[in-house]
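Reader: Could you walk me through this structure slowly, please? I am new to reading models like this one.

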Amino acid sequence: MTRYLLRRVGQSVVVLFGVSVAVFSIIHLVPGDPVRLALGTRFDQRTYDALVARAGLDDPVLVQYVNWLGNALTGDLGVSFRSGRPVTELILERLPATLSLAFGAIVVALLIAVPLGLVSALRPRSAVDYVATFVSQAGISIPDFWLAIVAILVFSLTLGWLPSSGYVGLTEDPVEWARHLVLPAVVVGTVSGAVLTRFVRSSALEALGEDYTRTARAKGLPRRVVIGRHVLRNALVPVVTVTGIQLAYLLSGVVIVEVVFAWQGLGQLALQAVETRDYPLLQGAVLLFAVFFLVVNLVVDLLYAVVDPRISR
Amino acid sequence: MTALDDTPAGPAEAGQVAAPDEAVGARGLLRALLRNRLAAAALVVLAIFVVVAVLGERLAPYGRNEVSSADKLRAPSLEHPFGTDQLGRDVLSRVLIGAEPSLRVGLVAVGIALVAGVVLGLVAGYYRGLVDDVVMRCMDVLFAFPAILLAIAVMAIRGRGATNAMIAIGVVYTPIFARVTRASVLTVREQVFVRAARSIGAGDLRIMTRHVLPNVAAPIIVQTSISLAFAILAEAALSFIGLGTQPPEPSWGRMLADGRGFIQDAWWMAVFPGLAIFAVVLSFNVTGDALRDALDPRQRSAIESAAGRG
């Protein structure tokens with residue numbers, strides 16, 4: 001177990017190092033002078049010199065990388081070319097919106113996937129199963145930004161039930177927070193739910209075939225107890241893994257859905273950084289996404305090894 | 001990346017399931033696909049879209065940018081079955097003409113990922129050792145970025161446009177091809193016919209291309225179909241945010257973005273291009289799953305790969 005843990009953590013550190021090099025390179029791969037490009041028509045020599053000095057762009061590349069990495073490790077991601085504010089601050093501002101959407105979407109996804117996957121596993125190769133399989137296949141094929149537009153058209157513009165866009169902080173107004181969250185969370189959750197349904201189905205099918213399920217049935221436990229306590233609980237172990245990966249994906253910002261709902265999250269921030277050629281901001285956001293993804297994956301893998309000791313052997 | 005990825009997904013069997021005889025294999029495969037009614041329907045849909053993409057303008061009732069200022073934002077009618085947009089252009093014609101750029105970007109992007117990924121996976125799996133470590137760790141790094149964000153970052157460096165979108169999406173999907181190929185190569189390289197080829201003095205290049213590659217084809221074919229689905233989705237997404245195909249060329253993602261601004265007055269502008277994307281992506285996913293059932297039942301399905309698409 002310890003050996004597995006060390007190996008897995010070591011692997012992540014190596015990948016993280018690679019990620020940092022890749023993200024650092026972004027600003028150096030841009031053809032031309034990134035600061036000049038970012039300033040565009042608002043160019044003036046003093047701002048230019050200040051930004052170049054702050055980003056350390058006159059140093060040798062290796063020195064730049066070491067400084068950049070050192071700063072990043074202490075939480076300093078540089079200064080935005082556009083607003084002159086610290087990148088870390090800009091990112092932290094956007095975190096609540098992204099966290100709200102990610103967790104909201106995961107809840108919706110599980111509400112869809114667990115019942116649908118379980119029902120189709122209990123009646124494999126029935127009409128219900130085929131419909132559920134097709135629905136989940138359709139779910140991953142729908143462009144989420146299109147679903148978002150259609151949802152806005154139906155539920156906010158036509159029926160007028162929910163607001164069409166914007167994010168309201170939980171602490172400002174919990175009711176409005178929830179009302180604004182419903183549509184984006186349902187849109188994003190539908191797509192994630194489609195992915196999860198397939199996993200719930202296959203792992204429930206597996207649990208149904210296990211000896212302990214047969215034993216539980218043979219000793220005369222009611223069907224409800226067999227399914228709830230023996231099948232579902234065991235089936236959910238691999239589902240937790242996939243839910244974790246989905247969560248990592250959602251935390252990294254569902255970029256385009258955020259744009260459609262004018263949701264002030266991280267994904268939208270990253271896109272804004274691309275549009276305004278704000279490279280330090282883009283680097284900060286991309287680095288954070290990759291770290292999120294790696295950390296969540298690592299935690300999920302380790303948890304999985306704890307739950308199922310066969311993995312670490 | 002995850003515990004699930006590490007489970008040996010049966011490429012061991014893949015090699016043997018794929019018929020070595022190409023001609024019989026291809027015909028048998030088509031027959032197997034057509035037996036599955038859903039897959040047959042998906043193939044028909046794809047065939048229609050390919051025809052539309054090839055014929056494009058010749059099929060469209062109006063020109064790609066034919067403007068009729070008297071017919072702005074007209075609802076669907078006999079004259080304009082999908083309505084008209086804010087400039088009075090026929091939406092049906094633009095959906096038909098938009099098939100070509102949308103499919104082309106996805107196709108070329110997957111082509112790039114396929115070639116780069118298969119070469120890298122083949123070399124890594126065949127030589128093992130340091131080459132393997134270096135190549136696969138690089139793939140892990142690429143894999144650590146959420147797909148759409150990596151594409152956006154590549155486009156931030158290289159600039160807007162359809163060509164850069166192809167490169168960006170190609171980079172994003174290279175690691176998955178490398179992984180799938182390497183996993184299969186690892187099992188095939190230990191088999192008797194590879195050792196036999198080596199013992200009669202065949203060179204590495206010959207063994208890789210003549211003996212290993214044909215036997216790892218099955219999972220790669222499946223991955224290609226699934227990747228086409230996601231690549232077309234990614235192209236639409238990039239064009240939607242204005243980074244991909246540039247106006248006035250009609251691409252489905254671009255049309256959706258235009259339609260979004262007029263959603264209250266002209267729902268048809270956004271609904272029809274979206275349906276076109278949905279139909280193509282769904283067809284590729286269904287085909288991919290059917291191919292997997294026929295070629296390599298233990299490989300992960302489209303949906304399971306989607307779990308890692310973030």
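**Salt bridges and cores**

Author: R198(A), D289(B), R292(B) and D293(B) are linked in a network of salt bridges, where a salt bridge is a side-chain nitrogen of Lys or Arg within 4 Å of a carboxyl oxygen of Asp or Glu. This is a predicted model, in which local features need pLDDT of at least 70 and side-chain atom pairs count only at pLDDT 80 or more, while totals for chains, interfaces and linings use all residues. Residues are numbered from 1 along each chain as its sequence is written, chains are lettered from A and ligands numbered from 1 in the order in which they are written, and side-chain values use heavy atoms, with hydrogens and water left out.

Reader: How far apart are D289(B) and R292(B) at their closest N and O atoms?

Author: Their closest N and O atoms are 3.8 Å apart, and both residues lie in helix α13 of chain B, 3 residues apart, about one turn of the helix. Helices here are DSSP runs of H or I with at least four residues, and strands are runs of E with at least two, numbered from the N terminus.

Reader: Is D289(B) buried or exposed?

Author: D289(B) counts as buried because its relative accessibility is 6%, and R292(B) is buried too, at 9%. Buried means under 20% relative accessible area, exposed over 50%, and partly exposed in between, with a 1.4 Å probe and protein chains only.

Reader: What about R201(A), which residue does its side chain meet?

Author: R201(A) meets D129(A) in a salt bridge of 2.8 Å, N to O. R201(A) lies in helix α8 and D129(A) in helix α6 of chain A, so the pair ties together parts that are 72 residues apart in sequence.

Reader: Changing topic, how many helices does chain A have?

Author: The secondary structure of chain A comes to 13 helices and 0 strands, and buried residues make up 52% of its 313 residues.

Reader: And how many residues are in the largest nonpolar core?

Author: That core has 162 residues, and those with the most contacts inside it include V19(A) and L238(B). Its largest share, 16 residues, comes from helix α13 of chain B. A nonpolar core is a set of buried Ala, Val, Leu, Ile, Met, Phe, Trp, Tyr and Cys residues joined through side-chain atoms within 4.5 Å.

Reader: Which residues does L238(B) touch?

Author: Leaving aside neighbours within four places in sequence, L238(B) is in contact with several residues, among them I148(B) and I169(B), where contact means heavy atoms within 4.5 Å. A234(B) also touches I148(B) and I169(B), again not counting residues up to four places away.
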